[in-house]
Amino acid sequence: IGVGLVGFGLFFILFGMLLYFDSVLLAFGNILFLSGLVFIIGFRRTFTFFFQRPKLKGTSFFFGGVLVVLMRWPLLGMLLEAYGFL
């Protein structure tokens, strides 16, 4: 289930970017990707992966980008997510 959710999440994110940053597809992709990650490695390990002390800046940018995409500012949200990912 988790691999399928991650796969669909990545598909929707890619498809949302191909359709000129469609906010609904990007938001749906983000939610599917994060829920699939929780299904694959578990809630506790996902939480500890994202909220490690050296990764807090990147995590805050990533989740801030997800929030901005959910508020229908897709281009800015994806830029924040990309910065947090890197």
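The model is predicted, so local features need pLDDT of at least 70 and side-chain atom pairs count only at pLDDT 80 or more, while totals for chains, interfaces and linings use all residues. Residues are numbered from 1 along each chain as its sequence is written, and side-chain values use heavy atoms, with hydrogens and water left out.

Helices are named here by their order from the N terminus; they are DSSP runs of H or I with at least four residues, whereas strands are runs of E with at least two. Helix α1 covers residues 2-18, α2 covers 23-41 and α3 covers 43-50. Helix α4 covers residues 56-70 and helix α5 covers residues 74-85.

A nonpolar patch on the surface is formed by F8, F11, L14, F15, M17, L18 and L19. Together these residues have about 690 Å² of accessible area, a value from the Shrake-Rupley method with a 1.4 Å probe, in which only the protein chains shown count as cover for residues. A patch is made of residues with over 30% relative accessible area and no salt bridge; nonpolar side chains (Val, Leu, Ile, Met, Phe, Trp, Tyr) are joined within 5 Å, and like charges within 9 Å. A salt bridge is a side-chain nitrogen of Lys or Arg within 4 Å of a carboxyl oxygen of Asp or Glu. F15 counts as partly exposed because its relative accessibility is 35%; the classes are buried (under 20% relative accessible area), exposed (over 50%) and partly exposed (in between), with a 1.4 Å probe and protein chains only. L14, with a relative accessible area of 48%, is partly exposed. L14 and L26 are 12 residues apart along the chain, and their C-alpha atoms are separated by 8.1 Å.

A pair of aromatic rings is described by the distance of the centres and the angle of the planes. Rings of Phe, Tyr and Trp (its six-membered ring) pair if their centres lie within 6.5 Å; planes under 30 degrees apart count as stacked, over 60 as edge-to-face and the rest as tilted. A search of the whole structure finds 11 such pairs. The rings of F47 and F51 have centres 4.7 Å apart and planes at 40 degrees, so this pair is tilted. F47 is partly exposed, with a relative accessible area of 46%, and F51 is partly exposed at 41%. F61 and Y83 form an edge-to-face pair, with 4.8 Å from centre to centre and 80 degrees between the planes. This pair links distant parts of the chain, since F61 is in α4 and Y83 is in α5, 22 residues apart. F61 counts as partly exposed at 29% relative accessibility, and Y83 counts as partly exposed at 45%. One aromatic cluster is formed by F43, F47, F49, F50, F51, F62 and F63.

The largest pocket has a volume of about 490 Å³. On a 1 Å grid over the protein atoms alone, a pocket is an open set of points with protein on both sides within 12 Å along at least five of seven lines, whereas a cavity is a set of points where a 1.4 Å probe fits but cannot get out; lining residues have an atom within 4 Å of a point. Grid points are joined across faces, edges and corners, and a volume is the space filled by probe spheres set on the points. The lining of the largest pocket holds 17 residues, of which F50, F62, E81, G84 and F85 lie nearest its centre. Helices α1, α2, α3, α4 and α5 each supply at least two residues of this lining. The largest share, five residues, comes from α5.

F21 is placed in the loop between α1 and α2 and counts as partly exposed at 28% relative accessibility. R72 is placed in the loop between α4 and α5 and counts as exposed at 58%. W73 also has its place in the loop between α4 and α5 and is exposed, with a relative accessible area of 56%. W73 and F21 are 52 residues apart in sequence and 9.1 Å apart in space, C-alpha to C-alpha.
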